[in-house]
Amino acid sequence: SIRLAEKVLLDTNEHIDYFVKEFGARRDKFVRVWIGADDAVFYPRPQQSHAKFIAHFHGTFIPLQGIEYILEAAFILKFKDIHFRIVGGGQESAAMEAQAKKLKLTNVEFTGKVPIERIPEFMAEADVVLGIFGNTHKTRRVIPNKVYEAMAMGKAIITSDTPAMRELCNGNDVYMVQVANAESLARAIDELYD
């Protein structure tokens, strides 16, 4: 289908490089188009008042998201007044909830799946939105939709420092941390908390 198409739309140059190499397609067929966010759903809202610092994540629990690193960061920061809210569900839900239980995390809340229209309510309460942290090849090729959504809402963002993220940001507008590194993530959250 790539060879037959006149144009192929992809989300990052990293993805384009992968498709050119993996499928032997001509580079001039590809056009990078940012995913963006639905601004009818994701837009700046007043910060909701709350007693704790909230680190928010939402996703489908796939490996590239690296939720295990968020849980390890929560463990590192367990004595701080930081609450981790993990919204969503999917492939690794049971494993991540088991890991949280094994680590005896009292600073982590799993909400389960919620309709997309409710995600901004949770984000509005958050002090920081967490992106992706997994150790996969795809992690390095994509810009997560949650980053665009957090930008649309004007929220602070922490995500992995990857070639794809550098296409969009230079590190000044999004706090980027080492891929698959809970200590790096914990330091970033702690710095924003302070």
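Two strands pair if DSSP finds at least two bridges between them. Strands (E, at least two residues) and helices (H or I, at least four) are DSSP runs, numbered from the N terminus. In this predicted model, local features need pLDDT of at least 70 and side-chain atom pairs count only at pLDDT 80 or more, while totals for chains, interfaces and linings use all residues. Residues are numbered from 1 along each chain as its sequence is written, and side-chain values use heavy atoms, with hydrogens and water left out.

Strand 4 (residues 82-88) and strand 5 run parallel and are joined by 4 bridges. Within this pair, V87 stands opposite G112 of strand 5.

Both strands belong to an open sheet of 6 strands, paired in parallel in the order 5-4-3-6-7-8. Strand 5 (108-112) and strand 8 (175-177) are at the edges with a single partner strand each, so one side of each has no neighbour in the sheet. On average, neighbouring strands are turned by 25 degrees against each other, direction ignored; axes are lines fitted to C-alpha atoms, for helices over the stretch in contact, and angles run from 0 to 180 degrees between N-to-C directions.

Helix 2 (residues 67-76) packs on the sheet, touching strands 3, 4, 5 and 6, and its direction makes about 160 degrees with that of strand 4. Contact means heavy atoms within 4.5 Å. Helix 8 (residues 182-193) also packs on the sheet, and its direction makes about 155 degrees with that of strand 8.

Helix 6 (residues 145-153) has buried residues, among them V147, Y148 and M153. Buried means under 20% relative accessible area, exposed over 50% and partly exposed in between (1.4 Å probe, protein chains only). The buried residues of helix 6 pack against strands 3, 6 and 7 and helices 4 and 7. After helix 6 comes G154, with a positive phi near 70 degrees.
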